[in-house]
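Me: I would like to learn how to read strands and charged pairs in a model. Please go through them one feature at a time.

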Amino acid sequence: MKTRLLFTGALLFLAGIFNSSAQTETRLGAMVAYGTEIENPGIGVTAEFPIIEDLTIAPGFIYYLPKDESGVSLNWWEINGNANYYFVNTESLGFYGLAGLNYSHVGVDYDGSGFGGASMSVSDGRFGLNLGAGANFDIGSSIIPFAEAKYVIIDGGQLVIGAGVKFDL
């Protein structure tokens, strides 16, 4: 009897999740970003997958434009897995807080032209946490402009400010 009741409760819970997730659209988007630690712009992609009402999972990727100074080339990219919780979700504005995980990869190449031709290349990857907020601006079409700011809690830390468009699928 308890097993049957537990099974029925689990089915109702799952049905509620899928019913709630049908209320929001899956979105895919592109963005431009600026990182304060690298001090360079980047381009990226993002997505939003509804889980329950007012909560989405938002994976993303940002590639910062390579930076070259005095023979040293810096390459930086990051992968993010965030959860967005919508505090305000009206027809024209969706304001959300975000929290999640970050993996940042930094590569440094030195061409060695100034010191006898010795070249060097090193890279490092680190995990961190994202905390921030964003807003979607519904303009009455399937294209939704958005803006987002997050702080990546990692060695050195980085504030990332981004803007772009998301498309309802």
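The dialogue below takes up the fold and then the salt bridges.

Reply: This is a predicted model, in which local features need pLDDT of at least 70, side-chain atom pairs count only at pLDDT 80 or more, and totals for chains, interfaces and linings use all residues. Residues are numbered from 1 along each chain as its sequence is written, and side-chain values use heavy atoms, with hydrogens and water left out.

Me: How many strands run in the closed barrel?

Reply: Strands are DSSP runs of at least two residues, labelled E and numbered from the N terminus; two of them pair if DSSP finds at least two bridges between them. Here 8 strands form a closed barrel in the order E1-E2-E3-E4-E5-E6-E7-E8, with antiparallel pairing.

Me: Which residues does glutamate 48 meet in salt bridges?

Reply: Side chains of opposite charge can pair when their charged atoms come close. The criterion for a salt bridge is a side-chain nitrogen of Lys or Arg within 4 Å of a carboxyl oxygen of Asp or Glu. Glutamate 48 pairs with arginine 27 at 3.5 Å, N to O, and with lysine 166 at 3.4 Å. Glutamate 48 is in strand E2 and lysine 166 in strand E8, so this pair ties together parts 118 residues apart in sequence. Shared partners join Arg27, Glu48, Lys166 and Asp168 into one network.

Me: Is glutamate 48 buried or exposed?

Reply: Buried means under 20% relative accessible area, exposed over 50%, and partly exposed in between, with a 1.4 Å probe and protein chains only. Glutamate 48 counts as buried because its relative accessibility is 2%.

Definitions and conventions: Helix = DSSP H or I, 4+ residues; strand = E, 2+ residues; numbered from the N terminus.
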